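Subject: Structure handover

Hello,

Here is the structure I said I would pass on. Please have it open while you read the notes below it.

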Amino acid sequence: MKRVDFEIIGKKIVVGTILFLIPLAILAGGLALLKQFLK
Amino acid sequence: MATIQNSKLTRDLGISLLLYTLPVLAIYLYFKLSNGVVSESHITLPAFLEFAKPAFINIRTWGLTVFMLVLGIIEFSAGLYDDQWTGEERKIDIISFLAPKLILPPVIAFFSLTVLPVLIPNLENSLSWVPFWGGFFLIAIADDLTQYWYHRLHHQVPFLWRFHRTHHSAPYMGMAMLSRQNFIYTIFFSQIYLTATLTYLGLGLPALFVLVLKSFITLGAHSSIAWDKPLYKYKVLHPIAWVLERLISTPATHHAHHADTSGDGVGHFKGNFGNMFFIWDVIFGTGLITRKFPKSYGIKSYKQEEWYAQFLWPIFKSKKEGSALADGVFSVPLKPKAENATPSPALYEQAQS
């Protein structure tokens, strides 16, 4: 493996992490806010 | 052209942020309209689904694998692979089928049982107040919309395409296509970690039901047994077909996504990205519904690359001449440096988008 291969895997992991964190923040964050609001 | 695609990507990603909020709004409306009280009690199944729980647990743990194997035997016996399942195809299909089943469960278990308790120690079961159907709706959107984007980006972002190329390289369709993926594509699936996290937060029960339903829908969409054909043949069933083909992935729409052509009125590898739900393609305008099946599948640049290159690129490269998975092939054309008068001889593999 060359440096370019590590870079491409690294960039892929970054994309995957963003796709994991954004929905999680909206859903779990939204529900946490909702719970406070409904109490 | 690239600018148009980028602006459409940005717009669609913005719409998705709103779509992710829909289940939260639905749960809010449920509590408001029913004057429900938020309790700390764990999620409970509706009574009429209690009997189904053991079945769903068994399907999730071992039943689906058995079902896939039986389906594969039926497909093979019926000659539906058209004698194309030879050489490297067999190796890549079998290794892609087995490896994730052996490696992914311990990885997900480690993430759920070791990583999450360290990262968010006080939040275990913190969402168990969410009613079952709210959780079901939430997991369905969270898991499948995230996979839609993961999938679409691997088609439309040039440097990601070759992680997904293996899924499209086979010149046939069948149950094996469901798991035929580059392992790096599979191991970094965003939605499996998202659903594992939501399970840790208390939504495990709805996740179980969503994931079993999703497995059957995606398996059916990849299978060479076109279960949807009767829906198009009999006029009385057309209304059902109209709804189903817009709601979920069917063999017709997903086979079109695996066609080796796009723009011939049937094949549509430039869209039909939905996995469980097709509704994402309808919303974002990436869908094509024709009720027809492509004449041929795969990708034009396929060189029947070695199984190890297809499974583990870029860790292992293909030695086949002209292969997109060979050493020194790029995802976009190299820009020649100003001082370099001769054009670069480097090859590049265009994303299938």
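This is a predicted model: local features need pLDDT of at least 70, side-chain atom pairs count only at pLDDT 80 or more; totals for chains, interfaces and linings use all residues.

Chain B contains 12 helices and 0 strands. Its C-alpha trace spans about 70 × 55 × 40 Å along the principal axes. Of its 353 residues, 39% count as buried. Among contacts in chain B between residues at least 6 apart in sequence, 72% join residues at least 24 apart.

One residue to look at is B:Arg11, which sits in helix α1 (residues 2-34) of chain B. Is B:Arg11 buried or exposed? B:Arg11 counts as exposed because it has 11 C-beta neighbours inside 10 Å, and the cut-off for exposed is 12 or fewer.

Now the contact between the chains. Chain A gives 22 residues to it and chain B gives 29. On the chain A side, the residues divide into 15 nonpolar, 2 polar and 5 charged.

Helix α1 (residues 3-38) of chain A meets helix α5 (residues 158-169) of chain B: their axes come within 10 Å and cross at roughly 90 degrees. The two helices are therefore roughly perpendicular. A:Ile8, A:Lys11, A:Lys12 and A:Val15 make the contact from α1(A), with B:Phe159, B:Leu160 and B:Phe163 from α5(B). By class, this helix contact has 5 nonpolar, no polar and 2 charged residues.

Regards

Notes
Residues are numbered from 1 along each chain as its sequence is written. Chains are lettered from A and ligands numbered from 1 in the order in which they are written. Axes are lines fitted to C-alpha atoms, for helices over the stretch in contact, and angles run from 0 to 180 degrees between N-to-C directions. Helices (H or I, at least four residues) and strands (E, at least two) are DSSP runs, numbered from the N terminus. Angles under 35 degrees count as roughly parallel, over 145 as roughly antiparallel, 65 to 115 as roughly perpendicular and the rest as oblique. Two residues are in contact if their C-beta atoms, placed from the backbone, lie within 7 Å. Ala, Val, Leu, Ile, Met, Phe, Trp, Tyr, Cys and Pro count as nonpolar, Asp, Glu, Lys and Arg as charged, and the others, Gly among them, as polar. A residue is buried if 20 or more other C-beta atoms lie within 10 Å of its own, exposed if 12 or fewer, and partly exposed in between; C-beta atoms are placed from the backbone.
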